Amino acid sequence: MTTTSVGAMPPGDAVRRYNEIMQESPKLVQKIAELEMDRNEHKLVEETLGPLDPSRRAYRLVGEVLVERTVQEVLPSVAANRGNLEESISTLRDHLEKMQKEAAELKTKYNLQTEPQQ
């Protein structure tokens, strides 16, 4: 059950859903952090390649293969990848926010008690 608004459900299902959200949230936060690091690396590469001569050789790691290209060929793909990473980060943040909202609604509606964090 992956609804964003909390409807009527048996208390056992509510507890189960709340626990699922609490287990999935840290994984989502970790994935967002990984993607942000990748995005920052792409930005750094863009800033480094930007002032260089477009015909200069540049090497790009594609999978496990190092490919020789020119700055002119590499820079647009790095920029596009960074844009895709930003979209993914935004989507994951929205999903995380919805999950946290759903967890708060479940906790309030069903008066769920949580163990104190140690």
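**Start at the pocket**

Select α1 to begin: this helix gives 5 residues to the lining of the largest pocket, the largest share. Helices here are DSSP runs of H or I with at least four residues and strands are E runs of at least two, numbered from the N terminus. You're looking at a predicted model, where local features need pLDDT of at least 70, side-chain atom pairs count only at pLDDT 80 or more, and totals for chains, interfaces and linings use all residues. Residues are numbered from 1 along each chain as its sequence is written, and side-chain values use heavy atoms, leaving out hydrogens and water.

Next, show the pocket lining, including Glu-41, His-42, Tyr-59, Arg-60 and Asn-81. (A pocket is an open set of points on a 1 Å grid over the protein atoms alone where a 1.4 Å probe fits, with protein on both sides within 12 Å along at least five of seven lines; lining residues have an atom within 4 Å of a point.) α1 (11-49), β1 (57-62) and α2 (71-109) each give two or more residues to this lining. Colour the lining by class and you'll find 7 nonpolar, 3 polar and 2 charged residues.

Now pick α1 and α2 together. Their axes, lines fitted to C-alpha atoms over the stretch in contact, come within 8 Å and cross at roughly 160°. The two helices are therefore roughly antiparallel (over 145 degrees). Their contact has 22 nonpolar, 5 polar and 13 charged residues.

Finally, zoom out to the whole chain. There are 2 helices and 2 strands, running α-β-β-α from the N terminus. Along the principal axes, the C-alpha atoms fill a box of roughly 65 × 30 × 25 Å.

How values were computed: Ala, Val, Leu, Ile, Met, Phe, Trp, Tyr, Cys and Pro count as nonpolar, Asp, Glu, Lys and Arg as charged, and the others, Gly among them, as polar. Axes are lines fitted to C-alpha atoms, for helices over the stretch in contact, and angles run from 0 to 180 degrees between N-to-C directions. Angles under 35 degrees count as roughly parallel, over 145 as roughly antiparallel, 65 to 115 as roughly perpendicular and the rest as oblique.
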